[in-house]
Amino acid sequence: MTVLEQLGAHVPVPPPSWRPRTDPAPLLPDATPHRALGVRDAEAGSAGRAGSGDEELLLRLYAAVVHGRRYNEQATALTKQGRLAVYPSSTGQEACQVASGLVLRERDWLFPSYRDTLAAVARGLDPVEVLSLLRGDSHNGYDAREQRVAPLCTPLATQLPHAVGLAHAARLKGDDLAVLALVGDGGTSEGDFHEALNFAAVWQAPVVVLVQNNGFAISVPLSKQTAAPSLAHKAVGYGMPGRLVDGNDALAVHEVLDEALERARSGGGPTLVEAVTYRVEAHTNADDATRYRTADEVETWRAHDPLALLERELRERGLLDEETARRVREEAEQKAAQLRERMHQDVAPDPQELFAHVYSERTPQLREQEAQLRAELAAEGHRTAGEEQR
Amino acid sequence: MSTAVRQQSASGGAAERKPATMGQALNRALADAMAEDPAVHLLGEDIGTLGGVFRVTDGLAERFGPDRCADTPLAEAGILGTAVGMAMYGLRPVVEMQFDAFALPAFEQLVSHVSRMRNRTRGGLPMPLTVRIPYGGGIGGVEHHSDSSEAYYAATPGLHVVTPATVADAYGLLRAAIASDDPVVFLEPKRLYWSKDGWDPEAPEPVPGIGAAVVRRPGRSATLIGYGPSVPVCLEAAEAAREDGAEGWDLEVVDLRSLVPFDEETVAASVRRTGRAVVVHESPGFGGPGGEIAARITERCFHHLEAPVLRVAGFDIPYPPPMLERHHLPGVDRVLDAVARLQWESTWVAPGGDGGGR
C-alpha cells in the first residue's frame, strides 16, 4: 500500500478544510440599493421604511442637508475669495455626509477623508476648525481626541487601518463604542483598503466602512476602477456583510449605518457599506469636470437629488410646511454668513510653532533651526518696522 | 564579534555576570515593558506561537496572552496602520517587522502618518509606538533579508532612529523606545542577535538614553564613528591598529546608538580631540548617514581637522547574494585602509591605496 492509499487519497472527496469557513450567502449585499424615502411599505425591504417614530429624525436629516448644501456652496465661494486654498465639495453627497455625522453616538469615532468636512460639521464640529486644513493655516484645526473625529485624511484609504486599530483597541479595553470610517470609490483600489478590511474581519473589530461611491476618482469612472459586481460585494471576500444603499437617500443611509454600527457595538463585527451617490460638482474648485463627463449625466443625477427626495417625503407626510422650510433656509443662510464672516478674518499662524510638535521634546538640531528662524523673524520685524517708519 | 565590546562592558563591572545574548536581552525588555504597562501591545507576523523568526518574542504570547502579543495577518501596512489607531486610543504598540525589506510596505504609514501625527494634531495625538526592524547583513540571508534602510528613516522628520550594538543597550534602548512618547524605529542588527556579553537580566545596568552617543573606546589618533553592526567592526579595527604597532594608531570608537536625535556634541568633542574621523556603516554610502555625519563634523570641527572625514560604507549596489556579501560589508581591513588614508603624510590617497596625489 502506498502512502497516498493509506491517506485515502483515492477516495473522491475533498479534504475537510476545503469547505467555506463562512457561509457567504448572508454576507451578500441586496441586488438593489436599499431605499427608504418615497417607497411604499411593501417595497421598502427588510429594513422597513420609516415609521411615524422617525418624524423627528426625518426633520433633522432635512435641516442638516439644507444646511449642508449651503455650507458646500459657501466653502466653494470661499475658494474664489482666496480664503480657502482648495475645497473638495460634497454637493450631491449630502445624504451620506449628514447621515454619517448624525448617526454616531457621543463615544463613537469618525474617520473622515478630505471630502468629508460636512460629516464632521454635521457631527457638531466648528466648521472653521474643520476647514483649517483646507484654509492652510494648520494640518488639523480641531481637537481630534476630544471630538472623536480623526484628522481629515489626505492619502487615500490610509485612514482605514487607523479606524480598525482604534476600534480593535476599544474592544480590547471593553469600551462600548463603534467606529465609522469614510472612503470613496477610488480609495477601494488602494492596498490599505484591502488590509484594513481584512484586519477588521479577522479581529471582528467594531468598525463600519462607508464607501461613498460618487462615480469618479477625480476623472476616472468606476468602470475603470473595478470589475467587482459592486463595491459592497468586496465585503464577502473578507467574511463580513456588505450592504448596498441609495447614497442619496439620507434616511436609508442612516438606517443602514445605524444597524451596522449597532451590530458592531454588540460584538457582531465589521460591515462594509456601499452608498451609491454622485459628485455633482467637480473634484475640487481646481478641476474641470466637463473634460470627462456630460452635462446630461449630471442632470440625470439632479433628478435624484438628496434634498429633493427628503423634501418630497416630508411634504407627502405633511411634516413640512412653508414656515418650517423658510426657517431651515434662514438658519442655513445665517450659518453660511457666520462662516463667511469668520473665514474672512485674517489668521496668522505662528512660525515658531513649526518646531513645537515634531517630537515631545525638540532635538538639538531642531533647537538650532528654531533659533535660526527666530533670528530671521526678528530681522524681518526690524526691516518691517523700519519701512513703516520711513 | 567583539572581544573589545566584552572588554568595554567588563570594565563597567559585568565581569561576574553570566553571558546573555542580545536576543535574550531584547526578549527581556519586551517582557518587562509588558509586565509594567498593560498598554504595551505587540503586533507582528509569527511573533505569537512561534516567538518570532529570531525568537525575540519567545514565550510572550504564552505569558501575556494572544491579545497582547498578537499574530496578525501578513500585511505590514495593515500592522503599522492598525498600530496607529491603537496608539490613538492610548495603547503603546510595539510592532515587529520580520526583515527590514519587508518593512517597506509599511513605509507610507510610517512616513505619512506615524512620523507626523503628533505634529499635525499639535500634540493632540502623539504616537508612542515602536517599530522593531531586524536590519543589516552578515547572516547569509538571501535577497531582501539583509538590507540596511536607516537612511530612509533618518531622513523622515518625526521619527527617532535607534540601534543597539551591545547587549546592555539592546535592553536599555528598547525599554527607552517603548517608554518614549515619540515613534521610534528600533533597528536590531541581525548578526548581533547571538552576540554575548555579561549581563544580568535581574539587574540590567542602566545605559544612556535615546539621543546620546557613547565613546566605546578612548583613543588619540582618530575617531571611528559607527552604530549597530559596525561598532564591533570598529572596535576590532582599533584593537588591530594598536596591535599592529607600526603606525602607532590609537583609535577612538564612538557608538552613535541613536541616528535621530543625533548626538553632535559627543561626536564633535571626540573629533576635536583626535583631529581625524572615519564614519562606518553597512548601508550604501551615497545618500547614506555617513555623508550627513561627515558634513556636520566638517561644519563644527573644521579647524581641528587634519584630514577630510572619510566614509567606509556598503557599496552603492543592491544588497549582494550571500556568497558575495563579505566583499560588500565594511570589514576591519577596509576600515584600517581608510584610517591609513587620513593624510598622515598630508597627501591625498585614493581608496585602494594607489591614488597618491590627486
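**Notebook: chains A and B**

I began with the UniProt record, where an unreviewed entry lists "domain: Dehydrogenase E1 component" at residues 68–337 of chain A. UniProt positions follow the numbering used here, feature names are shortened, and annotations may be inferred rather than shown by experiment.

Ground rules before going on. The model is predicted, so I kept in mind that local features need pLDDT of at least 70 and side-chain atom pairs count only at pLDDT 80 or more, while totals for chains, interfaces and linings use all residues. Residues are numbered from 1 along each chain as its sequence is written, and chains are lettered from A and ligands numbered from 1 in the order in which they are written.

**Chain A, overall**

Over residues 68–337 of chain A I noted 46% helix and 11% strand, with the end C-alpha atoms 13 Å apart. Helices (H or I, at least four residues) and strands (E, at least two) are DSSP runs, numbered from the N terminus.

Next I traced an open sheet of 5 strands, in the order β1-β2-β3-β7-β6 of chain A, with parallel pairing. Two strands pair if DSSP finds at least two bridges between them. β1 (109–111) and β6 (242–246) of chain A are at the edges with a single partner strand each, so one side of each has no neighbour in the sheet. Neighbouring strands are turned by 20 degrees against each other on average, direction ignored. (Axes are lines fitted to C-alpha atoms, for helices over the stretch in contact, and angles run from 0 to 180 degrees between N-to-C directions.)

I zoomed in on one pair: 6 bridges join β2 (residues 179–184) to β3 (residues 207–213) of chain A. Within it, A:Val183 has A:Val211 of β3(A) as its bridge partner. Helix α3 (residues 94–103) of chain A packs on this sheet, touching β1, β2, β3 and β7 (271–276) of chain A, and its direction makes about 165 degrees with that of β3(A). Contact here means C-beta atoms, placed from the backbone, within 7 Å.

**Where A meets B**

I found 32 residues of chain A in contact with 34 residues of chain B. On the chain A side, α7 (144–147), α8 (159–173), α9 (191–203) and α15 (364–389) of chain A give two or more residues. The largest share, 10 residues, comes from α8(A). That side of chain A divides into 16 nonpolar, 12 polar and 4 charged residues. For the classes, Ala, Val, Leu, Ile, Met, Phe, Trp, Tyr, Cys and Pro count as nonpolar, Asp, Glu, Lys and Arg as charged, and the others, Gly among them, as polar.

**Chain B**

UniProt, again in an unreviewed entry, places "domain: Transketolase-like pyrimidine-binding" at residues 20–195 of chain B. The assignment for chain B gives domain 1 (3–198) and domain 2 (214–340), and their centres, over C-alpha atoms, are 25 Å apart. I saw 30 residues of domain 1 of chain B in contact with 28 residues of domain 2 of chain B. On the domain 1 side of that contact, α1(B) gives the most, with 4 residues.

**One residue**

Last, I looked up A:Arg263, in helix α11 (residues 250–265) of chain A. A:Arg263 counts as partly exposed because it has 17 C-beta neighbours inside 10 Å; 20 or more would be buried, 12 or fewer exposed, with C-beta atoms placed from the backbone. Not counting residues up to four places away in sequence, A:Arg263 touches A:Gly268 and A:Thr271.

Terms used: Contact = placed C-beta atoms within 7 Å. Domains from an automatic or database assignment.
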